[in-house]
Amino acid sequence: MRNFISERAQNIPPSGIRKFFDLALTMEDVISLGVGEPDFRTPWNICESSIYSIEQGVTSYTPNKGLPVLRETLSNYLKQHYCLPYNCDDEIIITSGVSEALDIAIRAIVDPGDEVLIAEPSYVSYAPCVTLAGGVPVPVECREADRFKLNPDALQEKITRKTKALMINFPNNPTGAVMNRKDLEAIADIIIDNDLLLISDEVYAELTYDGHHVAAGSVSDLWQRTITLNGFSKAYAMTGWRVGYLCAPKELCEAALKIHQYVMLCAPVMGQVGALEAIRSAEEDKNNMVQEYRLRRNMFVAGLNRIGLPTHVPEGAFYAFPSVKGTGLSDSEFAERLLTEHRVAVVPGSVFGAGGQSNLRCAYAVSRKHLTEALGRMESFLNGL
Amino acid sequence: MQEKDLELLRILEDNSRLSAKEIATLINLTPAEVEARVHALEASGVIRKYTTVINWELAGNGEVSSIIELKVNPERDYGYDRIAERLSRFRQVKTLRLMTGTYDLQLLVTGKNMQEVSRFVSEHVAPMDRIRETATHIIMKSYKENGNVLFEQQEAERLPYSF
C-alpha cells in the first residue's frame with residue numbers, strides 16, 4: 001500500500017508536549033499550571049440563554065457570517081470599546097473559535113512561497129497554519145530584555161522582498177506581554193512602509209490588567225491592512241463553546257468568507273446565541289474574573305521572583321513566564337523534573353518558538369490555593385537542585 | 001473611594017481571614033499599608049464586622065429561620081424609621097429591610113425551633129403599635145447565602161495541558 005499521508009501533514013512537527021501530557025495523565029495529585037483556559041465556569045446567564053434557545057428549537061445553520069444580531073451587537077461593541085469601525089454586514093465573520101479565524105485569515109492571504117513573520121514566543125498553531133497554507137513562517141524574536149514586546153528593529157531585520165504579513169498576539173500567550181499605543185505606533189510605520197498586512201490575534205484583549213487594551217487596527221493607518229481576530233473563550237470562560245470572530249476590511253473579509261463557507265459553513269448556533277448573551281449582559285461576570293486574575297497575577301509573580309525564578313510582570317493574559325536560566329537546567333528538563341518529582345505541570349517555553357528557550361509558561365488561571373501550593377512545591381524543587 | 005480600598009473590600013468580603021501579608025501580595029501593597037487601610041475602613045464604619053458563612057443545616061443545630069413580612073402604618077415625621085429601629089433591637093432579628101411592593105418591612109428571624117419563632121412573632125412583633133399585618137414564612141432549605149452556593153457542585157474536568 002502507498003503512504004497516503006500528504007507530505008504537508010508529514011512535515012508538521014508533532015506537539016512539543018505530547019510526552020508531558022501522557023505522563024501527567026498517569027499521575028495523581030498534579031497541580032496543573034499548564035492549562036491555557038480559565039478555571040471559571042461560563043457565567044450562568046450565558047448557559048441559560050443557550051439552553052433556552054435549544055428548547056425553542058434554534059438548532060439550524062446560521063448565515064455563513066454568523067447571526068446578524070450577533071454581528072450587529074459585536075460591531076457596536078468593537079466600536080465602543082476598541083475604536084474599531086467594522087461594518088456588521090460585510091466586515092465581520094463569526095468563526096469556530098479564534099483557531100478557525102486564524103486558519104482562514106492565513107489561507108485568504110498567503111500564496112506559496114510568501115513569508116509570514118510571526119512575533120515569537122507565540123501560540124503554537126501560527127507557524128503550522130502558515131506552512132499548511134504553503135507559506136513560509138519566519139520567526140521574529142521578542143526578547144525578555146524588551147519585556148517580550150515586539151522590537152521594531154528586530155522586525156525590520158527580518159523583512160525581505162517575499163514578506164507578506166506579520167502576525168502578532170498581544171496580550172501574549174505565553175509571555176503575558178502587552179503592546180501599548182506607543183509600542184504599536186513604532187511597528188505601524190514599518191508595516192506601512194513595507195506594505196505588509198497585519199494579523200492581530202487579540203483573544204486576550206479583555207484580560208489587560210494595567211490599563212486599557214489598544215487594538216492594533218485602531219493605531220495610525222493600520223486599519224485598512226489589519227485582520228483582527230478575537231473570541232469569547234478567554235474573557236467569558238467559554239473555551240468549549242468554540243466561538244471567535246474575524247474582522248477585516250471588506251475585500252479581505254470576503255476572501256476569508258469564501259474559505260469559511262466551504263470548510264466550516266457556520267459556527268455552531270448554540271455557541272453564537274451564548275456569545276450574544278455574553279456581550280449583552282456578562283460584563284460584570286467578566287470584570288469579576290479579570291479582577292481575580294489580577295490578584296492572582298500579583299501574588300503569583302511576586303512568589304516566583306521570591307523563590308528565585310526571575311519573572312517580568314505580565315500585563316495581560318493569564319500566564320507568567322519565569323526564566324530558568326539561573327537554575328542550570330533547560331526549560332524542558334526543568335518542566336519534566338518539576339512534573340515527575342514535585343507534580344506541578346508547566347509548559348517549557350521552547351514549545352512557543354524563538355525567545356522562549358529559557359522560560360516556562362505557568363498559567364495562573366487556577367485557584368489561589370493551588371497557586372500557593374504550586375509555589376511551595378516549586379520552591380522545594382529549587383532548593384533541592 | 002480609592003481603587004485600592006475597593007479591591008481590599010472585595011477581597012475581605014470573599015475571605016476576611018486572609019492575613020495582611022497575604023492581602024499585601026495580592027494588591028501590591030506592604031502589609032503595613034494594608035493594615036492602615038483596614039483600620040481606616042473600620043474606623044469610618046465601612047467595615048462593620050468580620051463574620052462567617054455557615055451551613056447551619058449541615059452543622060445540625062436544628063435552628064429555624066424565617067422571613068417575616070410586615071405591613072406597617074408609617075408615622076408622621078418619622079416614616080418607618082422609628083419602628084424599624086425598635087424592631088432591630090431584638091436579638092432574634094438578624095436582618096431588617098424596608099421594601100417596595102405589597103408589604104413594608106422584611107425581617108429575617110432565627111430561633112431554636114418553630115415554636116420559638118412563632119412565639120416571638122405573636123408576642124413581640126405582631127402586637128406592636130402600627131403593625132397592621134404579619135406573614136411568616138419558614139425557610140425550608142437554603143441553596144445559596146450571600147453569593148455562596150451551599151450545595152455540592154461537580155468540579156469541571158480540565159485537560160492537564162492545553163495551549
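User: Into which domains is chain B divided?

Analyst: Chain B splits into domain 1 (3-43) and domain 2 (62-140), with bounds that come from an automatic or database domain assignment. The C-alpha centres of domain 1 of chain B and domain 2 of chain B lie 35 Å apart. Keep in mind that this is a predicted model: local features need pLDDT of at least 70, side-chain atom pairs count only at pLDDT 80 or more, and totals for chains, interfaces and linings use all residues. Residues are numbered from 1 along each chain as its sequence is written, while chains are lettered from A and ligands numbered from 1 in the order in which they are written.

User: At what angle do helix 1 and helix 3 of chain B pack?

Analyst: Two packed helices are described by the angle between their axes and the distance between the axes. Here helix 1 (residues 3-14) and helix 3 (residues 31-43) of chain B pack at about 85 degrees, axes 11 Å apart. Helices (H or I, at least four residues) and strands (E, at least two) are DSSP runs, numbered from the N terminus. Axes are lines fitted to C-alpha atoms, for helices over the stretch in contact, and angles run from 0 to 180 degrees between N-to-C directions. So helix 1 and helix 3 of chain B are roughly perpendicular (65 to 115 degrees).

User: Which residues make that contact?

Analyst: K4(B), D5(B), L8(B) and L9(B) from helix 1 of chain B meet V34(B), R37(B), V38(B) and L41(B) from helix 3 of chain B. "In contact" means C-beta atoms, placed from the backbone, within 7 Å.

User: In what order do the strands of the chain A sheet run?

Analyst: Strands of a sheet pair through backbone hydrogen bonds, either parallel or antiparallel. In chain A, an open sheet of 7 strands runs 2-8-7-6-5-3-4, with mixed pairing (a pair needs at least two DSSP bridges). Strand 2 and strand 4 (136-141) of chain A are the edges, each pairing on one side only. Strand 2 of chain A is antiparallel to strand 8 (residues 244-247) of chain A, with 4 bridges, and I92(A) has C247(A) as its bridge partner there. Strand 3 (residues 115-120) of chain A runs parallel to strand 4 of chain A through 6 bridges.

User: Which way do the residues of strand 2 of chain A point?

Analyst: In a regular strand the side chains alternate between the two faces of the sheet. I92(A) and I94(A) point one way, I93(A) and T95(A) the other, and all are buried (20 or more other C-beta atoms within 10 Å of their own C-beta).

Technical notes. Parallel < 35°, antiparallel > 145°, perpendicular 65-115°, else oblique. Contact = placed C-beta atoms within 7 Å. Buried ≥ 20, exposed ≤ 12 C-beta atoms within 10 Å, placed from the backbone.
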